[in-house]
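Visitor: Can you walk me through this one? I'd like to start with the sheet.

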Amino acid sequence: MIYKKFIIIDDDDIFLRINESIIRKEFGEAEVHLFKFSKEALEFIKSGRISDSVIMIDLRMPEISGFEILTEIENLPSDHLVNCKVFVLTSSLDDRDRQKV
């Protein structure tokens with residue numbers, strides 16, 4: 001399956017724009033949703049409009065952590081997650097973060 005919908009959640013504007021640029025270069029007219037604020041991202045995810053999406057989540061964010069978002073995603077009804085892939089993005093070097101994911 002070739003994904004054409006991407007949800008990127010990161011509190012760093014530079015990382016958001018870099019990832020968006022890479023996606024647009026590789027996938028052309030992809031639908032890209034950028035979220036600097038994790039609370040807004042979580043509301044979007046819970047809205048159920050995420051089927052057939054790639055979700056990229058930063059772990060360390062101020063409002064709601066990536067860990068909390070992952071937990072919320074796991075608790076969504078299965079019909080919200082049809083053909084979804086979730087990737088964790090982090091600059092953390094803490095082994096505990098890697099083990100927790």
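Visitor: What order do the four strands of the open sheet have?

Guide: This is a predicted model. In it, the open sheet runs β2-β1-β3-β4, and the pairing is parallel.

Visitor: Which strands stand at the edges?

Guide: Those are β2, residues 31-35, and β4, residues 85-89. Each has a single partner strand, so one side of each lacks a neighbour in the sheet.

Visitor: And what does the twist average from one strand to the next?

Guide: It averages 15°.

Visitor: How many bridges hold β3 and β4 in their pairing?

Guide: Five, in the parallel sense, with β3 covering residues 53-58. As for individual partners, D58 is bridged to L89 in β4.

Visitor: Moving on to helices. Which strands does α1 lie across?

Guide: Helix α1, residues 13-27, lies across β1 (5-9), β2, β3 and β4. Its angle to β2 is about 175°.

Visitor: What about α2 and α3, how do their axes cross?

Guide: At roughly 10°, with the axes coming within 11 Å. Helix α2 is residues 38-46 and helix α3 is residues 66-74. Angles under 35 degrees count as roughly parallel, so α2 is roughly parallel to α3.

Visitor: Why give both an angle and a distance?

Guide: Because two packed helices are described by the angle between their axes and the distance between the axes.

Visitor: Fine. Which residues make the contact?

Guide: From α2 they are S38, L42, I45 and K46; from α3 they are I69, E72 and I73. By type, the contact of α2 with α3 has four nonpolar residues, one polar and two charged.

Visitor: New topic. How many aromatic pairs does the structure hold?

Guide: Two. In one, the ring centres of F6 and F27 are 5.1 Å apart and the planes are at 45°, so that pair is tilted.

Visitor: Where in the chain do F6 and F27 sit?

Guide: F6 is in strand β1 and F27 is in helix α1, 21 residues apart, so the pair links distant parts of the chain.

Visitor: Is F6 buried or exposed?

Guide: F6 counts as buried, because its relative accessibility is 4% and the cut-off is under 20%. F27, at 27%, counts as partly exposed.

Visitor: And the rings of F35 and F44, what are their distance and angle?

Guide: Their centres are 5.3 Å apart and their planes are at 40°, so this pair is tilted.

Visitor: Are F35 and F44 buried or exposed?

Guide: Both are buried.

How values were computed:
Residues are numbered from 1 along each chain as its sequence is written. This is a predicted model: local features need pLDDT of at least 70, side-chain atom pairs count only at pLDDT 80 or more; totals for chains, interfaces and linings use all residues. Side-chain values use heavy atoms; hydrogens and water are left out. Two strands pair if DSSP finds at least two bridges between them. Helices (H or I, at least four residues) and strands (E, at least two) are DSSP runs, numbered from the N terminus. Axes are lines fitted to C-alpha atoms, for helices over the stretch in contact, and angles run from 0 to 180 degrees between N-to-C directions. Contact means heavy atoms within 4.5 Å. Angles under 35 degrees count as roughly parallel, over 145 as roughly antiparallel, 65 to 115 as roughly perpendicular and the rest as oblique. Ala, Val, Leu, Ile, Met, Phe, Trp, Tyr, Cys and Pro count as nonpolar, Asp, Glu, Lys and Arg as charged, and the others, Gly among them, as polar. Rings of Phe, Tyr and Trp (its six-membered ring) pair if their centres lie within 6.5 Å; planes under 30 degrees apart count as stacked, over 60 as edge-to-face and the rest as tilted. Buried means under 20% relative accessible area, exposed over 50%, partly exposed in between (1.4 Å probe, protein chains only).
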